[in-house]
Amino acid sequence: MPGERLSVRGMSEVGRFPGAAPPTRVELTIQKDGEKKQEEGGSRRWFKKMCPCCCKRQNSTYDVTDKVEFVKPSVPTPTPTPEPAKLTVENGEAKEMEGNNVTNITPTNPHADTYLHFDLLSEVKLSVCTVDLLSSKTGQNRKEHHTDLFQEDEMIIRRGQTFQIELELNRPFSADNDQLHLDLKTGPLPLVSKGTHVIVPLVDHLEDERWEAKIVEQNGNKIKLSVNSPARAVIGLYGLTVTTSTLKGEAANTFNSTKNIVMLFNPWCEEDTVFLDDEEERKEYVLNDIGRIYYGTEKQIGARTWNFGQFHEGVLEACLFILEKSGMPPSGQGDAVNVVRVLSAMINAQDDLGVLVGNWSGDYFDGVSPSAWSSSVEILRKYHSSNGTPVSYGQCWVFSGITTTVLRCLGIPARSVTNFQSAHDTDVSLTTDVYLDEDMEPIDYLNSDSVWNFHVWNDCWMARQDLPPGHGGWQAVDSTPQETSQGTFRCGPASVNAIRSGQVYLKHDTPFVFAEVNSDKIYWQRNQDAGFTQIYCEKKAVGHHISTKAVGSDERADITHLYKHQEGSEEERIAVETASRFGSKPDTYSSALAEDVSVEVKMEGEGPRMGTDAKLSIVVKNLSSQPRRTTLHSQVAVMYYTGVLKGTIRKEQMPVELLPNEEKTIDWVLPYQQYQNQLVDQAALMLTLSGRVTETQQVVANQTTFRLRTPDLNITPLGDAIVGKEMAAKITFTNPLPRILKGVVFRVEGLGLQKGHEVVVGDVGGHSTVTLTEHFIPTQPGPRKLVASLDCKQLTQVHGVADIVVLEK
């Protein structure tokens, strides 16, 4: 509303750019849709007459609702101090010595003692006395990084987030004369090029996605640093070194911290690939150290409590030991996909002396029976304390329980998942094959495929930037040694979305998991000529009641719908037959008689706009001389920019009939009301289409990702751009939504034009227009850019830029 309060706060106390801190004035107008500009009130006119200096305006065309000035504080000039004969420093106090006499130097200028103190101490070589990593479990670091549950008193932090450390120096730090940086190293051969040796510079202003440090407190000889790490930093154990020097080019001093830093993945950080945006799910899949694992049969489902214990003493150390023992280069530990794939191999002892030996014989005399375990803690600590001697024995639920522990400990959201009637495909046919002889008797030596009563594996959450969009989110990973993958007993991570749609050509090990949950059981009978004929297909034989513990309770959650379409539906059949074409028996299902129908999605211009109905066109073509019929199954889902699907907004079916050689365009509309409360950052959506042509059995499919476009900020320069002369720029924004935008903040910055700062606007009504006028004094000549962005929960990716050529004075 007009007259709403406006506040401005600086984006940094110091400012990153020298000379870019002239006085700043901001003027703001918020005008509702259809509202006329408000006239100056009588009380203001009276006040203006009584006190014109308080109501002075630079330009009568501006509607000023508030005005804020940044004025650079004046720094007192120190009184010149005569050059002393000889100086010494005792207990931080400067003294003058003449022979055996010691005289305290007392400056007459009230500020001069500070400057004299620094001048004298700058002659003393700067060094670090102690480093405090502020690693207390109850301290700011551990609480802000959600690592306060770990029982270790170590510095345990998560990447992509700032943390604090304190340094005690031998004298006060002088920003004008001293230099300081941090070195963080991990692995046996740290290299800057591999991200395992990190040099952290000292800066005035921290920026996202960089290793940087900033002094946030200084008290005598002590300074507190705020250190920032990128969201793709290598996880693991880091050693810390602090290097100090002066600008005079003297040899540097180094100080090695006796304590290490443990860096973990960060599900709370939006830029991290393991980001999970639901706090209750983070509590369940990262912080909950006790869970439930399901077993039995599909008609008699049992549950047992399992102590994951990821925060228990010694477990974090054991997890880091497993990574080290895997032989994976530390540089690979920044990629969650790599880490999960390696851990899948290392949890079992097959071929790499991993954590647990599998045993299904029933003979456990020299170890512990798999059913006797109820906790991951004892197993992991025993493996670590024995320096990597595999523990005996485990079966699928034990492997899964340990995998959940290790992934949650390292910061990757994870859960144990049980599949009832779980197929084991041994020949990558993507079917469960049963071979019978001429008399319908099983041929035992050929029947290597099997169906387990139940099998337990894991889901872990991450973006899959190595796969096409839409395949992030839950990934299946199985540490039970069943089949080798690239020569090693491991499985996954396989996109659950890819499994559901039959896209088994997407890595890793998607065909194997698909067969576990959705393969058909095919019966083959041997012929007289020793060949085999398919005699029966059981379509609902595997993949029932896929279960995991519910979020926030001990109830069982059925997640079968995430792994497969409804049993027997057209979509499920399409997925099965699509998958089989990439298996070792691609001709198991009848091939299409022809493939002459195509489907594509088109959008007009730059695509749908935020706040309006999203409209696309589905174009279906019949390239044959015969009529064709199909039913298109459509599904539209909200998608994060990382490719992770948040959830489905709408599903529908569209019957399509095509005449010979006909092209038909179907208008597809998603009303604003259906997506208004569903969107996430970037406002991306994915439309999935699939169907089968009745006459030819051809499968048609299409996936299209589109974004709801947001408006730009319009920036108009006002006045001449000359160094040292005040000018202005008008920034205009119109809310495209018919709803109030809450807590709107503008961010404005221009190198050589304007120091970066925030303007808090507050709430902006539906379809209202905001006009912001920035007054500033250019400090550098040449082509410059004034950039602005809008920050708001309901609307993202709103920004603008103006090119300004600044002339010399």
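**Entry 1: a buried aspartate**

I started with Asp 178, which counts as buried at 5% relative accessibility. Before going on, a reminder to myself that this is a predicted model. What does the side chain of Asp 178 meet in a salt bridge? I found Arg 171 there, with 2.9 Å from N to O. I then looked up Arg 171 and read a relative accessible area of 2%, so this residue is buried as well.

**Entry 2: a pair within helix 4**

Next I went to helix 4, where Arg 282 and Glu 279 both lie. They sit three residues apart, about one turn of the helix. Their side chains form a salt bridge, and I noted 2.7 Å from N to O.

I moved on to Arg 573 and Asp 520, whose side chains meet in a salt bridge at 2.8 Å, N to O. Arg 573 belongs to helix 12 (residues 570-580), while Asp 520 is in the loop between helix 10 (510-518) and strand 27 (521-526), so this pair ties together parts that are 53 residues apart in sequence. I checked accessibility here too, and both Arg 573 and Asp 520 are buried.

**Entry 3: the wider tally**

How many salt bridges does the structure hold? My tally is 29. I also wrote down a network of salt bridges that links Glu 207, Arg 210 and Glu 212.

Then I turned to cavities. I counted three of 30 Å³ or more. The largest cavity has about 60 Å³ of space. Which residues line the largest cavity? I listed Glu 284, Tyr 285, Gly 291, Arg 292, Phe 308, Arg 408, Arg 415, Ser 416, Thr 548 and Lys 549. Helix 4 (279-287), strand 16 (290-297), strand 20 (414-424) and strand 29 (544-549) are the elements that give two or more residues to this lining. Helix 4 is therefore back in my notes, since Arg 282 and Glu 279 lie in it too. By residue type, I sorted the lining of the largest cavity into two nonpolar, three polar and five charged.

Notes. Residues are numbered from 1 along each chain as its sequence is written. This is a predicted model: local features need pLDDT of at least 70, side-chain atom pairs count only at pLDDT 80 or more; totals for chains, interfaces and linings use all residues. Side-chain values use heavy atoms; hydrogens and water are left out. On a 1 Å grid over the protein atoms alone, a cavity is a set of points where a 1.4 Å probe fits but cannot get out, and a pocket is an open set with protein on both sides within 12 Å along at least five of seven lines; lining residues have an atom within 4 Å of a point. Grid points are joined across faces, edges and corners, and a volume is the space filled by probe spheres set on the points. Helices (H or I, at least four residues) and strands (E, at least two) are DSSP runs, numbered from the N terminus. Ala, Val, Leu, Ile, Met, Phe, Trp, Tyr, Cys and Pro count as nonpolar, Asp, Glu, Lys and Arg as charged, and the others, Gly among them, as polar. A salt bridge is a side-chain nitrogen of Lys or Arg within 4 Å of a carboxyl oxygen of Asp or Glu. Buried means under 20% relative accessible area, exposed over 50%, partly exposed in between (1.4 Å probe, protein chains only).
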